[in-house]
Amino acid sequence: MPRHTPVFALLAALAGTPLAAQQTPDLTPYLMPDRGAEVALARSAAPASISGAATVLVLTRTGFVEAALGTNGFTCMVLRSFLGRIGDPDTWHASIRAPNCYNPPAVRTVVPELLKRTEWVMSGVSQAEIGTRTDQAYASHQYPMPAPGAMTYMLSHEQHLAEADPHWMPHLMFFYDKSLGAAWGAGDEKMPIIQGSTGEGHSPVVVLLIPVRQWSDGTTAMGAAGH
């Protein structure tokens, strides 16, 4: 397992196999009282030329809701730790903030699972039950496989992905149907393409990470996370 365990738990956000059930904690610390601050954080996931015209979702006690309507088909949102691998021991970390800006193919085919799972979490559904429901949704094709080109920007210098080295590095994430095979030579953090779908499980989706040189504001990321 890579040393940035909470990071990779988040990046494997489509894993569908339930592990040990865990009690849902008080969700108040996972909310951001300042909606404007959450919108700004979400938009920081991608360059302003993209995020400035994107739809923005913010987390409420019932799930994500639209805070700003976009025009370019992208959707930006700040993921929390409970959107990592279902049932993972690192599910509950209230400090985790992972700004993402999904492109139109990902909005259609990746984001719906995240939104539905968030609704379940906020309503108190157990991790075990969420895992069962997720497996059923993929098996029945209620959740589609990622559309060609589905990806998300994670370029926010304000991201907090782990207690150690919280900002990690700016990167792009690409989503693929695992049945198509992994022909990219992806590996751990030392590889040019990082396999984000780590650990046990039978997720139908493979997540690939590609580190990049700049944060969304154009500042250099050389030296981030020791790179």
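The protein chain exposes about 9,700 Å², and carbon and sulfur atoms supply 57% of that area. The model is a predicted one. Of the 227 residues in the protein chain, 53% are buried. Contacts in the chain with a separation of 6 or more come 67% from residues 24 or more positions apart.

The secondary structure comes to six helices and eight strands. Read from the N terminus, the order is α-α-α-β-β-β-β-α-α-α-β-β-β-β.

Start with the hairpin. Strand β1 covers residues 55–60 and strand β2 covers residues 63–68. The two run antiparallel, joined by five bridges. Two residues lie between them.

Next come β3 and β4. These strands also run antiparallel, and five bridges join them. Leucine 79 has alanine 98 of β4 as its bridge partner. On to β5, residues 151–154: two bridges join this strand to β4, again antiparallel. Here tyrosine 102 stands opposite threonine 152 of β5.

How many residues of β4 are buried? Five of the five are, so the strand is largely enclosed by the rest of the structure. In a regular strand, side chains alternate between the two faces of the sheet. Both faces of β4 are covered. Ala98, Asn100 and Tyr102 are buried on one side, Pro99 and Cys101 on the other.

The structure holds one. Cysteine 76 and cysteine 101 form this link, with their sulfur atoms 2.1 Å apart. The pair links distant parts of the chain, 25 residues apart: cysteine 76 sits in β3 (residues 75–79) and cysteine 101 in β4 (residues 98–102). The link is left-handed, with -50° about the S-S bond. Are the two cysteines buried or exposed? Both cysteine 76 and cysteine 101 are buried.

Now turn to the aromatic residues. The structure holds six aromatic pairs. One of them joins tyrosine 30 and tryptophan 92, edge-to-face, at 5.9 Å centre to centre and 80° between the planes. This pair, too, links distant parts of the chain, 62 residues apart. Tyrosine 30 lies in the loop between α1 (5–11) and α2 (35–43), and tryptophan 92 in the loop between β3 and β4. Tyrosine 30 has 3% relative accessibility, so it counts as buried. Tryptophan 92 has 18%, and it also counts as buried, because the cut-off is under 20%. Tyr30 and Trp92 form one aromatic cluster together with Phe82.

A further pair joins tyrosine 138 and tyrosine 143. It is edge-to-face, with 5.2 Å centre to centre and 75° between the planes. Tyrosine 138 is buried, with a relative accessible area of 10%. Tyrosine 143 counts as buried at 4% relative accessibility.

What about histidine 141? This residue lies in the loop between α6 (127–139) and β5. Its relative accessible area is 66%, so histidine 141 is exposed. Its backbone also calls for a look. Most residues other than glycine have a negative phi. Histidine 141 has a positive phi of about 65°, although it is not a glycine.

The last stop is helix α5, residues 111–122. Its 12 residues reach 17 Å from the first C-alpha to the last, close to the 16 Å expected at 1.5 Å a residue. Which residues of α5 are buried? They are Val111, Glu113, Leu114, Arg117, Thr118, Trp120, Val121 and Met122. In an α-helix, residues three or four places apart point the same way, because there are 3.6 residues a turn. The cover over the buried residues of α5 includes strands β1, β2, β3 and β4. It also includes the helices α4 (104–109) and α6. Just after α5, glycine 124 takes a positive phi of about 90°.

Terms used
Residues numbered from 1 in each chain as written. Predicted model: local features only at pLDDT ≥ 70, side-chain atom pairs only at ≥ 80, totals over all residues. Heavy atoms only, no water. Pairing = 2+ DSSP bridges. Helix = DSSP H or I, 4+ residues; strand = E, 2+ residues; numbered from the N terminus. Disulfide = S-S within 2.5 Å. Buried < 20%, exposed > 50% of the residue type's maximum accessible area, 1.4 Å probe, protein only. Phe/Tyr/Trp six-rings, centres within 6.5 Å; stacked < 30°, edge-to-face > 60°. Contact = heavy atoms within 4.5 Å. Areas by Shrake-Rupley, 256 points an atom, 1.4 Å probe, with all protein chains shown as cover. Expected span 1.5 Å × (residues − 1).
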